[in-house]
Amino acid sequence: MTMDPALQVFIDESRELLGEMEAGLLECEHKSASAEVINSIFRVAHTIKGSSGLFGLDVIVSFVHVVETALDRVRTGEVAMDREFAVLLLSCKDHIEALIAAVAAGGELGEASLEARSAELSMLLQARAGAVKAAGQGKQPAHTQESEKPRSNSGKV
């Protein structure tokens with residue numbers, strides 16, 4: 001079975017972009033990161049997320065969305081890029097590489113080990129950069145939102 005040529009281009013370009021991401025994150029790990037480096041790393045995530053969506057690779061879109069959102073919080077100054085966070089993001093880069101490799105091999109992105117690693121890394125990112133909804137998650141149903149409204153402690157009914 002031959003692979004769609006467009007999908008092969010996506011795989012090749014993603015691998016190249018992930019190399020750029022790694023170089024930027026290694027720079028962040030070893031010294032203070034410039035806004036230019038942070039923006040470059042963000043653009044890699046943004047590009048891979050968008051391209052994955054074109055091919056219906058929702059597992060990649062969802063995971064990279066969490067990475068992208070964390071990186072956006074670094075760009076806006078809400079989260080600091082320090083050595084520990086750079087190492088975590090390098091692990092995320094490695095996982096994106098594994099997801100891309102699964103696509104290249106014609107494997108299943110829903111494989112339990114890939115799903116477990118996505119969940120683990122997403123949880124670590126969210127702990128570090130704040131809660132991030134997965135791509136495609138919308139608002140909660142109105143009845144749920146209503147029940148979660150803060151209640152007054154004034155005693156009035």
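Contact here means heavy atoms within 4.5 Å. The structure is a predicted model, in which local features need pLDDT of at least 70 and side-chain atom pairs count only at pLDDT 80 or more, while totals for chains, interfaces and linings use all residues. Residues are numbered from 1 along each chain as its sequence is written, and side-chain values use heavy atoms, with hydrogens and water left out.

The protein has six helices and zero strands. Helices (H or I, at least four residues) and strands (E, at least two) are DSSP runs, numbered from the N terminus. Along the sequence the pattern reads α-α-α-α-α-α. Of the 157 residues, 36% count as buried. Buried means under 20% relative accessible area, exposed means over 50%, and partly exposed lies in between (1.4 Å probe, protein chains only). Among contacts with a separation of 6 or more, 71% join residues 24 or more positions apart.

Helix 1 covers residues 5–30. Its expected span is 1.5 Å times one less than its number of residues. For the 26 residues of helix 1 this gives 38 Å, and the end C-alpha atoms are 38 Å apart, which agrees. Asp 4 caps the N-terminal end of this helix. A side-chain oxygen of Asp 4 lies 3.0 Å from the backbone nitrogen of Ala 6. Such a polar contact is a pair of N or O atoms within 3.5 Å; within protein, one must be able to donate a hydrogen and the other to accept it, and residues adjacent in sequence count only if both atoms are side-chain atoms.

The buried residues of helix 1 include Leu 7, Phe 10, Ile 11, Ser 14, Leu 17, Leu 18 and Met 21. Gly 24, Leu 25, Cys 28 and Glu 29 are buried in helix 1 as well. An α-helix has 3.6 residues a turn, so residues three or four places apart point the same way. Helix 2, helix 3 and helix 4 are among the elements that cover the buried residues of helix 1.

The largest nonpolar core has 42 residues. A nonpolar core is a set of buried Ala, Val, Leu, Ile, Met, Phe, Trp, Tyr and Cys residues joined through side-chain atoms within 4.5 Å. Ile 60, Leu 71, Met 81, Phe 85 and Leu 125 touch the most other members. Two or more residues come from each of helix 1 (5–30), helix 2 (35–54), helix 3 (58–75), helix 4 (83–104) and helix 5 (112–129). Helix 4 gives the most, with eleven residues. Phe 85 is in contact with Ala 70, Val 74, Val 79, Ala 80, Leu 125, Arg 128 and Ala 129, leaving aside neighbours within four places in sequence.

Cys 92 also lies in helix 4. Cys 92 is buried, at 0% relative accessible area. Not counting residues up to four places away in sequence, Cys 92 touches Phe 63, Val 67, Leu 121 and Leu 125.

Lys 93 lies in helix 4 and has 2% relative accessibility, so it counts as buried. Beyond residues up to four places away in sequence, Lys 93 touches Leu 18, Met 21, Glu 22 and Leu 25. Lys 49 lies in helix 2. At 18% relative accessibility, Lys 49 counts as buried. Ser 52 is buried, with a relative accessible area of 0%. Its contacts, not counting residues up to four places away in sequence, are with Phe 10, Leu 57, Ile 60 and Val 61.

The count of aromatic pairs comes to one. Rings of Phe, Tyr and Trp (its six-membered ring) pair if their centres lie within 6.5 Å; planes under 30 degrees apart count as stacked, over 60 as edge-to-face and the rest as tilted. The rings of Phe 10 and Phe 55 have centres 5.4 Å apart and planes at 40°, so the pair is tilted. Phe 10 is in helix 1 and Phe 55 in the loop between helix 2 and helix 3, 45 residues apart. Phe 10 is buried, at 4% relative accessible area, whereas Phe 55 is partly exposed, at 31%.
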